[in-house]
Amino acid sequence: MFSMEEAISEALSIDALRARIHELEGVRVVSRRIPSGSVAFDALVDGLPRPGIVELCGPPGAGTTSLALDLVRHQPAAAWVDFERWLYPPGIAGAGVDLRRLLLLRPAADRGIWAVEQVLRAGCFSLVVVSEPPPLRRAGHRWARAAEAGGCTLLVCRGRSHRDLPADMRLQLDGHRVAVARNRGGSLGRSADLPERPEGIDPWV
Amino acid sequence: MGVMVVHLPAFRLERCGWSADDSVCLTAEWKSATRLTALTPRAVALGLRHGMSASEARAREPDVLLEPLDDAGERIDRLALAESLRHFTDRVSLLWEDDYALDITQTAHVFGGEAAVAEQVEQRLRDFGHVCSTAVAGDLLSAAALARCKSLAPDAELPDLADLPITALRPSDELRLSLATVGIERIGQLSKLDAASVSGRFGREGVRLYRVARGEVFHEWLDVCEETLPIRVPMQLGGAIERMEPLLFALRGAIAQVCEQLFARDQLAIRLAIRLTLDSGAVQLMRVRVGRPTRNTQTLLRVLKARLEGLKLDAPTTDLAVEVEEASGDGGIQPSLHDRTEAAEALPDLIARLTDALGEEAIVEPMLVDSWRPEGAWRDGEVDGAHRPARPSTMKVDPVERQWRHQAHLAPPRPTIVLPRPQLLDVRERQGRPQQVHLTRGWQSVVEAAGPERLQGEWWADDRGFDRDYWALRLRQGTAWVFHEQERWFLHGWFD
């Protein structure tokens, strides 16, 4: 088990190695942070990486969907690839998301991974959310390249983190608290309470 | 403007192989009887008339040949002839049943002038076995009238337009009767009327014919019937192909030709059909739809490549053909203010490609439905990729929508994720309130419970009636949405 210092050191070394490879290949990818529109989220992690990949991990009920919806709400348009077919439109409408500006895909697992790559590469959406994808194997790197080509942010919501996804940012949610497990660019180890959710989806408000 | 009208008085019978000396009529079902719809001059000379019933014609002339009209075949031949006339100009229009109009304003000089064009057109049609006459005028109706008159008396000098009967301008039946009522039978008589009275009495069509009669030149193109042959590019592959790569290579050339023809016709492709002729003789057909009409070669190739990637050929392919099944005029593309200028692919194209690959049911634009049953509270809407701007705050809100939003606000909250099928749940309860639930992590205590919310309905449907008490249970893991029905507990979703 790595210590926090070892983890940070490893991340920095890998980042440096990647940058060197890009230099040699002549590919210069500039990833910048874009304000997400969510004040709490931006305060925690300095915005969304674009292009980039963000992984939200947490069991059902931890709040990953609410956090993703909070980010979706602040985008002009977004796509959501729902592998498990769990997303409930009346609930997300209650969260303040305009359903007319959300493209919902519910593909079969065998074609879904390809579909996500197409949506990312097309560049039509600034934010693409994928919930509970199947095991990716090498597809994670294809997604990263596609997000780069499309200039968008990929947000992956899943129960547990997997190393098959080269995420720029990894957030762990547990009991309505979000902790930064990985963040290229700082704020590693920070944590905060989840942003306030609209009444429409929170029975305790 | 130079408009040439080509009049083919006997086209309908000549295409069937009959000549003017044959006593033949075409018949069609019309006004509840089989009637004569096209006649050779010989048949007309024998006293037969257009619209006469077949039985009456047979009674009058027992030896006359009656052939049923092949509507589809006639249409194909007419379009093929129009395609042939495109050699002289791009603007070819089919007029009525036996006339073609060619706009040779910009192209006459290429062929040596209007007279030379007329001569070449007539020669070409004679080579096809058709008798025809041509006339050129500044206005389409004038040219049509003169061409028809010339066919009746080919060797006579062309009369003045004024001396022709009013029917030469093809007025509608209503206008013709109105003109006849006031004694107007010649074009010259019409031209002598007062302009204001023509407008008031005979309407817009009357004004048009009036101006033609007075020799005015029109720059508008009269599209009486705009039909074109579908674009079809066949390609022989020079051998049986088993792999996809050489097939895609051949397809590239075919698509380039298709796009050239679309460009020439000022059209954009909406749907393509790819026909693959297999070694066994069978034909494998594949249809592809693009999201936004296009004639861009790269866009069409990208769509086809994505579709062909998953295709398995039943046998080696020997021929292929690409056909444009549906096309639209090129009205230009108006980008939306919210379109991402850096997008590599337009959203409608992406949606069309994904729909093609994944199926229509995989791409959803959810629409809320007013239903008590939670599973029925939304349905799939049709996705078309059209831009839908967010409602600006200054816009007046529709009162019905405002009422709906108010009611939605008052309704209990709904979870963000709902399981496709409710899962049976072990619950320990006390006095009807859940205390502990058993999930994958084991027993979890209920910190807080909100409910019950009774949802029931559809009692009239035997197998669809439901009567549930819903609870929101705050657990260590998160807030679950459960319901109690018929002595059992179910997990239905999460306030995730």
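## Strand β7 of chain A

In this predicted model, strand β7 (residues 153–158) of chain A is mostly covered, with six of its six residues buried (under 20% relative accessible area, where over 50% is exposed and in between is partly exposed; 1.4 Å probe, protein chains only). Strands here are DSSP E runs of at least two residues, and helices are H or I runs of at least four, numbered from the N terminus. In a regular strand the side chains alternate between the two faces of the sheet. On one side of β7(A), T153(A), L155(A) and C157(A) are buried; on the other, L154(A), V156(A) and R158(A) are buried.

## Partners of β7(A)

Two strands pair if DSSP finds at least two bridges between them. Strand β3 (residues 52–57) of chain A pairs with β7(A) in the parallel sense over six bridges, and C57(A) has R158(A) as its bridge partner. Strand β6 (residues 127–131) of chain A also pairs with β7(A) in the parallel sense, over five bridges; here V130(A) is the bridge partner of V156(A).

## The sheet of chain B

In chain B, four strands form an open sheet with antiparallel pairing, in the order β5-β6-β1-β7. Its edge strands, β5 (92–95) and β7 (133–137) of chain B, each pair on one side only. Five bridges join β1 (residues 3–7) of chain B to β6 (residues 99–103) of chain B, and V5(B) stands opposite A101(B) in β6(B).

## Basis of the model

Residues are numbered from 1 along each chain as its sequence is written, and chains are lettered from A in the order in which they are written. Local features need pLDDT of at least 70, and side-chain atom pairs count only at pLDDT 80 or more.

How values were computed: Side-chain values use heavy atoms; hydrogens and water are left out.
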